Structures are given as C-alpha cells and as structure tokens.
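Welcome to this guided tour! Keep your viewer open and your selection tool ready, and we will go from stop to stop together.

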Amino acid sequence: RDYKVTGVQTCALPICQVQREIRTTGFLESEHQDKVATPVGGRVIQMLADEGAKVEKGQLLAEIDSREAASAREQLTVQRDGKKVDLDLANLEVEAAGRRRAQAGFESKKAKAEFDRQSQMSAEFVSPKALQDAELAYQTTEELAKIAEFNERKSKLEVTRIASVIAVLDAKIHELDVRIERSEEHTSELQSPCNLVCRLLLEKK
C-alpha cells in the first residue's frame with residue numbers, strides 16, 4: 001500500500017550538561033607522599049607539628065631522644081669485649097692443641113720406628129709377644145696423633161667462628177656510631193624533606 005506523509009513538526013532542543021549525583025563512601029589520598037625518618041631511633045619527647053598542618057621543607061616536626069641508641073651501643077660493646085676474651089682463650093687452645101699434636105706425632109714416629117726395628121729382627125732375638133706389643137703401641141700412638149690433629153683443626157675453626165662474631169659486632173657498633181654522631185646532644189631532629197601536609201603517625205609516650 002502507498003502511505004502519504006501529511007506533515008512533520010520540528011522543535012529546537014536546548015544544549016545543557018547532564019549531571020548524575022552518586023552517593024558513596026571513600027577517602028582522600030595525596031598523590032605525593034614522603035616518609036620521614038631520623039638517623040637515630042628513640043622515644044618521641046616533643047611534637048612540633050600538628051596532623052593536617054602544612055609544613056615547609058626543613059621544618060622541625062619532632063624531637064626524639066637518641067639515648068636508646070647509645071645504650072644499644074654499650075650493650076654491643078660489652079658483647080664484643082666478651083667475645084674478644086673468648087678469642088684470646090681460643091687462640092691459647094690452638095697453641096696447646098698444636099703442641100699436643102706435635103707430641104703425639106713424635107710418639108707415633110717413635111713407636112713406628114720401634115715396631116719396624118723389631119719386625120726386622122730375627123725371631124731368635126724377639127718374642128712374638130714383644131712384637132705384638134710394639135705393633136699395638138704403634139697403632140695406639142698413631143690413633144692418638146690423628147685425634148690430636150683433629151682437635152687442633154677444631155680449635156682453629158672455633159677461632160674463626162669467634163672472629164666472625166666479633167666482626168659482625170664491630171660492624172653494628174660502627175653503624176650506631178655513625179648514627180649517633182648525626183644527632184646533637186642526645187636529641188635527634190625529625191625534619192620535613194619537602195613541602196607537604198603533615199600526617200605524623202607517631203605516638204608520644
């Protein structure tokens with residue numbers, strides 16, 4: 001079938017922005033955050049900035065008592081000094097073990113020489129029991145020489161172990177020395193590294 005259009009009506013539409021309101025929960029977070037830390041840890045003794053306040057670079061935020069670091073250094077020093085005493089004793093043990101090993105080696109060589117001498121002698125001049133005793137003496141002194149050598153190696157390893165512990169303690173003490181030197185009169189200053197809004201997560205005790 002044929003349809004005939006009788007007329008078309010037009011109208012102008014206004015241009016406007018369509019806004020849709022959405023209600024929800026959330027939180028605001030800064031795009032730029034900086035963490036501040038002191039060269040020496042310790043108890044907060046004074047807060048000099050409030051949370052949410054704008055601070056400038058280099059502004060003092062808090063003061064922290066650094067005497068805890070000095071106390072930790074003293075404890076490490078006591079431990080280190082005790083280990084040095086242990087090291088001296090271990091070195092003395094190495095020397096004693098070396099002398100015991102040398103003596104055991106000498107006795108072993110002496111017993112072997114006696115056993116070899118009797119083994120080469122004619123049966124007319126040496127009894128089977130004497131030869132057996134000489135062999136047993138040689139075996140015993142040889143075993144004692146091996147034990148003495150093992151004990152000497154063991155004592156040397158103990159020296160190495162104690163020296164390693166002392167090295168670790170020395171490194172920790174040096175690290176604390178560097179950190180303590182950066183503080184002034186037992187007080188460490190917590191400063192802002194740049195311009196930011198202060199949000200201190202510190203609790204004064």
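What percentage of the 205 residues in the protein chain do buried residues make up? Buried residues come to 23% of the chain. Keep in mind as you look around that this is a predicted model.

**Stop 1: the whole chain**

Show the protein chain as a cartoon and colour it by secondary structure. Now follow the chain along its sequence: the pattern reads β-β-β-α-α-β-β. Next, think about which parts of the chain touch each other. Among the contacts with a separation of 6 or more, 81% are between residues 24 or more positions apart.

**Stop 2: the two helices**

Select residues 67-120, which form helix α1, and then residues 128-181, which form helix α2. In general, two packed helices are described by the angle between their axes and the distance between the axes. Here α1 and α2 pack at an angle of about 165°, and their axes are 6 Å apart. An angle over 145 degrees counts as roughly antiparallel, so α1 is roughly antiparallel to α2. The crossing of α1 and α2 is left-handed.

What kinds of residues make up the contact of α1 with α2? Colour them by type and you will see 28 nonpolar, eleven polar and 18 charged residues.

**Stop 3: the nonpolar cores**

Now select Leu87, Ala90, Val94, Val159, Ile162 and Ile166, and show their side chains. These six residues form the largest nonpolar core. The elements that give two or more residues to this core are α1 and α2.

Zoom in on Val159 next. Which residues does Val159 contact, leaving aside its neighbours within four places in sequence? Val159 is in contact with Leu87, Ala90, Asn91 and Val94.

There is another core to visit. This second, separate core has five residues, including Ala69, Leu76, Leu169 and Ile173.

**Stop 4: Leu92**

Stay with helix α1 and select Leu92, which is located there. Is Leu92 buried or exposed? Its relative accessible area is 51%, and the cut-off for exposed is over 50%, so Leu92 counts as exposed. Leu92 and Ser155 are 63 residues apart in sequence, but 9.4 Å apart in space.

**Stop 5: Ser108**

Move along helix α1 to Ser108. With a relative accessibility of 10%, Ser108 counts as buried, because the cut-off for buried is under 20%. Show what surrounds Ser108: setting aside neighbours within four places in sequence, its contacts are Tyr138, Thr141, Glu142 and Ala145.

**Stop 6: Gln118, Ala130 and Ala134**

Begin with Gln118, which is in helix α1. Gln118 is buried, at a relative accessible area of 12%. Not counting residues up to four places away in sequence, Gln118 touches Val126, Ala130, Leu131 and Ala134.

Pick Ala130 from that list, and you are in helix α2. Ala130 has a relative accessibility of 28%, so it counts as partly exposed. How far apart are the C-alpha atoms of Ala130 and Gln118? They are separated by 8.2 Å, and the two residues are twelve residues apart along the chain.

Finally, select Ala134, also found in helix α2. Ala134 is buried, with a relative accessible area of 7%. Not counting residues up to four places away in sequence, Ala134 touches Ala111, Phe115 and Gln118. For one more distance, go from Ala134 to Arg117: they are 17 residues apart in sequence, and from C-alpha to C-alpha they are 9.6 Å apart in space.

Technical notes
Residues are numbered from 1 along each chain as its sequence is written. This is a predicted model: local features need pLDDT of at least 70, side-chain atom pairs count only at pLDDT 80 or more; totals for chains, interfaces and linings use all residues. Side-chain values use heavy atoms; hydrogens and water are left out. Axes are lines fitted to C-alpha atoms, for helices over the stretch in contact, and angles run from 0 to 180 degrees between N-to-C directions. Helices (H or I, at least four residues) and strands (E, at least two) are DSSP runs, numbered from the N terminus. Angles under 35 degrees count as roughly parallel, over 145 as roughly antiparallel, 65 to 115 as roughly perpendicular and the rest as oblique. A crossing is left-handed if the near helix is turned anticlockwise from the far one by less than a right angle, and right-handed if clockwise. Ala, Val, Leu, Ile, Met, Phe, Trp, Tyr, Cys and Pro count as nonpolar, Asp, Glu, Lys and Arg as charged, and the others, Gly among them, as polar. Buried means under 20% relative accessible area, exposed over 50%, partly exposed in between (1.4 Å probe, protein chains only). Contact means heavy atoms within 4.5 Å. A nonpolar core is a set of buried Ala, Val, Leu, Ile, Met, Phe, Trp, Tyr and Cys residues joined through side-chain atoms within 4.5 Å.
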